[in-house]
Protein chains: 2
Amino acid sequence: MHKIEIDTNIDVLSLNKKIARENREFFKKYKIKAINIMGAIGSGKTLLIEKTVESLGDEIKFGAILGDVVGSADLKKVARHNIPAEVVNTGKECHLDAHLVSHCLEKFKDVDLLFIENVGNLICPVDFDLGESVRVVMVSVTEGDDVVDKHPEIFRLADVIIINKIALADAVGANVEKMVNDAKKLNPKAKVIKMDLKTGVGVAEWLQLVKELVS
Amino acid sequence: MHKIEIDTNIDVLSLNKKIARENREFFKKYKIKAINIMGAIGSGKTLLIEKTVESLGDEIKFGAILGDVVGSADLKKVARHNIPAEVVNTGKECHLDAHLVSHCLEKFKDVDLLFIENVGNLICPVDFDLGESVRVVMVSVTEGDDVVDKHPEIFRLADVIIINKIALADAVGANVEKMVNDAKKLNPKAKVIKMDLKTGVGVAEWLQLVKELVS
């Protein structure tokens, strides 16, 4: 749950930044690359983690923190791939913050690459740096081809933008190129990947990025 | 943008409730039924409003308030149906509140039924009563068939739960009956409608509900 903005002497965003810096130092100390995966509900975040671990699990030591309002459905999916994983339930909060993430870092000292799957939401995670090295924003064509345009802030801070479920574009009447162009216009520096996790389109390009990140 | 919860003497949720009561009195005075439509990004909220106005616009006077973070794409879609409509941009906020809604009510004095389309989000709108008569929560099968189970709070407060895009269930591997059962378990009193707005499935059932509401 969150309330209206109130001016106090406590700057919670500064506090978040401070803890994010500490997380970043932890990652540096243990040579961990951390990827904050943000995206709407059902955009494919958990499946992206699963496919990556399936493909590269022999060469890279992965770990995963899974943010969700309630429950541990995603944890079960990821844990079956035999990687260290932890669920963070945010209760009524609609995003992870650096403090929540910091609580479970000890478990991941030995990993090369830590996925941090944020709560399914394209608005709230924007203000909360978690200490990550890379920010991925994932949407799917089934959310409507105006989904990028409607949420400029989150796309502006992305390093990688994934447009998923492109095999369904015709079925839902979505214009994939419009989405790609909207993403590039908002953020010319970001890498934009057209993907379809179920059929495998774009996955090789993503895996290459992951390999470069830990090399 | 929102921050962590801070204890103060200002209870913003009580303030919201007070303004929601005022909105409710306004609706009563002018004999307006207000429907708060909540749901994830791209679940079909705007299209539901459009289809309803297309079908029943001759017999019911509609109006629409369209909540979005930025932009007026939804306003353009709805306004072409020649009904009074207003966009409410929430900036960094991820939900409408009673105060934001109250600002544009004067425009809708003459309508029978006012749609209030909330910001695309299944978490944040839960705490903010807008003064509405009916709460609709809309999700689509493309969000994954665990989307209901993962967001219990919002489904508990719904009067009507719509599971949309069921024609795509096979393509995305979603179990529609699981979603219906999850919804019924969380909220046995809610009306659950299986819908596919593009092909028309479930629309008649919805239109019947709308007609009963204003009769």
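Buried area is the accessible area, taken with a 1.4 Å probe, that two parts lose on being put together, summed over both. I start from that term, and I keep in mind that this is a predicted model.

**Entry 1: the interface**

I looked up the buried area first. Chain A and chain B bury about 3900 Å² between them. Carbon and sulfur atoms account for 65% of that area. Next I took the contacts. On chain A, 45 residues touch chain B, and 45 residues of chain B take part in turn.

I then turned to polar pairing. Twelve residue pairs, both members at pLDDT 80 or more, are in polar contact between chain A and chain B. Which helices of chain A each supply at least two residues of the side that touches chain B? I found α1 (12-29), α3 (73-79), α5 (147-150), α6 (152-156) and α7 (169-172). The residues on that side of chain A divide into 21 nonpolar, nine polar and 15 charged.

**Entry 2: salt bridges between the chains**

I counted next. The rule gives 32 salt bridges over all chains. Eight salt bridges cross the interface of chain A and chain B.

I picked out Asp127(A) and Lys92(B). Their closest N and O atoms are 2.7 Å apart, and the two form a salt bridge. Where do these partners lie? Asp127(A) is in the loop between β4 (113-117) and β5 (134-140) of chain A, and Lys92(B) is in the loop between β3 (85-89) and α4 (98-102) of chain B, so the pair joins two chains. Lys92(B) has a relative accessible area of 33%, so I log Lys92(B) as partly exposed.

I also checked Asp146(A). The side chain of Asp146(A) meets that of Lys77(B) in a salt bridge, at 3.4 Å from N to O.

I found a network of salt bridges that links Asp68(A), Asp74(A), Lys77(A), Asp146(B) and Lys150(B). Asp74(A) sits in helix α3 of chain A. Is Asp74(A) buried or exposed? The relative accessibility is 2%, so Asp74(A) counts as buried. Beyond neighbours within four places in sequence, Asp74(A) contacts Thr46(A), Leu66(A), Asp68(A), Glu117(A), Asp146(B) and Lys150(B).

Ala73(A) is also in helix α3 of chain A. Ala73(A) is partly exposed, at 33% relative accessible area. Leaving out neighbours within four places, Ala73(A) is in contact with Asp146(B) and Lys150(B). The C-alpha atoms of Ala73(A) and Thr46(A) are separated by 10.0 Å, with the residues 27 apart along the chain.

**Entry 3: salt bridges within a chain**

I looked at Glu153(A) and Arg156(A). They form a salt bridge, with the closest N and O atoms 3.8 Å apart. Both lie in helix α6 of chain A, three residues apart, about one turn of the helix. Glu153(A) is partly exposed at 39% relative accessibility, and Arg156(A) is partly exposed at 46%.

Glu132(B) is buried at 4% relative accessibility, whereas Arg135(B) is partly exposed at 26%.

Key. Residues are numbered from 1 along each chain as its sequence is written. Chains are lettered from A and ligands numbered from 1 in the order in which they are written. This is a predicted model: local features need pLDDT of at least 70, side-chain atom pairs count only at pLDDT 80 or more; totals for chains, interfaces and linings use all residues. Side-chain values use heavy atoms; hydrogens and water are left out. Contact means heavy atoms within 4.5 Å. A salt bridge is a side-chain nitrogen of Lys or Arg within 4 Å of a carboxyl oxygen of Asp or Glu. A polar contact is a pair of N or O atoms within 3.5 Å; within protein, one must be able to donate a hydrogen and the other to accept it, and residues adjacent in sequence count only if both atoms are side-chain atoms. Helices (H or I, at least four residues) and strands (E, at least two) are DSSP runs, numbered from the N terminus. Ala, Val, Leu, Ile, Met, Phe, Trp, Tyr, Cys and Pro count as nonpolar, Asp, Glu, Lys and Arg as charged, and the others, Gly among them, as polar. Buried means under 20% relative accessible area, exposed over 50%, partly exposed in between (1.4 Å probe, protein chains only).
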